[in-house]
Amino acid sequence: MSISKGLEQLGFVSDKDFVLQDNGNGPEIRDWNSNKPQPSESEIAVGQDAWNAEQVAAAEAKASAIGKLKALGLNDAEIASITGG
């Protein structure tokens with residue numbers, strides 16, 4: 001689980017609302033600076049799941065767009081110039 005992405009998905013800003021550290025066991029919250037209550041591990045996990053779902057949806061949308069561009073006859077270089085990669 002990415003604590004940072006989970007917290008960001010919940011509306012918190014890294015290095016402003018929270019600071020993470022990793023002592024070898026994975027990242028953990030070192031400082032909580034937000035005036036909002038610190039979310040529980042399960043709330044952070046929900047935020048992480050939402051972030052993951054957004055990433056999957058974005059990748060699927062990009063793959064669909066690339067497929068449509070290829071169907072129109074564009075080559076890989078032309079597609080890369082449109083999609084940025």
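At the start of helix 3 (residues 76-83), a side-chain oxygen of Asn75 comes to within 3.0 Å of the backbone nitrogen of Ala77. Helices here are DSSP runs of H or I with at least four residues, strands are runs of E with at least two, and both are numbered from the N terminus. After helix 3 comes Gly84, with a positive phi near 80 degrees.

A word on the source: this is a predicted model, where local features need pLDDT of at least 70 and side-chain atom pairs count only at pLDDT 80 or more, while totals for chains, interfaces and linings use all residues. Residues are numbered from 1 along each chain as its sequence is written, and side-chain values use heavy atoms, leaving out hydrogens and water.

Most residues other than glycine have a negative phi. Asp15 has a positive one, near 65 degrees, and sits in the loop between helix 1 (3-9) and strand 1 (18-22).

Here are two accessibilities side by side (buried is under 20% relative accessible area, exposed over 50%, partly exposed in between; 1.4 Å probe, protein chains only).

| Residue | Relative accessible area | Class |
|---|---|---|
| Asp15 | 63% | exposed |
| Leu20 | 24% | partly exposed |

Leu20 belongs to strand 1. Its C-alpha is 7.0 Å from that of Asp31, 11 residues apart along the chain. Skipping residues up to four places away in sequence, Leu20 touches Ile3, Ser4, Pro27, Glu28, Ile29 and Arg30, where contact means heavy atoms within 4.5 Å.

As for Phe12, its contacts, with the sequence neighbours up to four places away left out, include Leu7, Phe18, Trp32 and Pro39.

Notes: A polar contact is a pair of N or O atoms within 3.5 Å; within protein, one must be able to donate a hydrogen and the other to accept it, and residues adjacent in sequence count only if both atoms are side-chain atoms.
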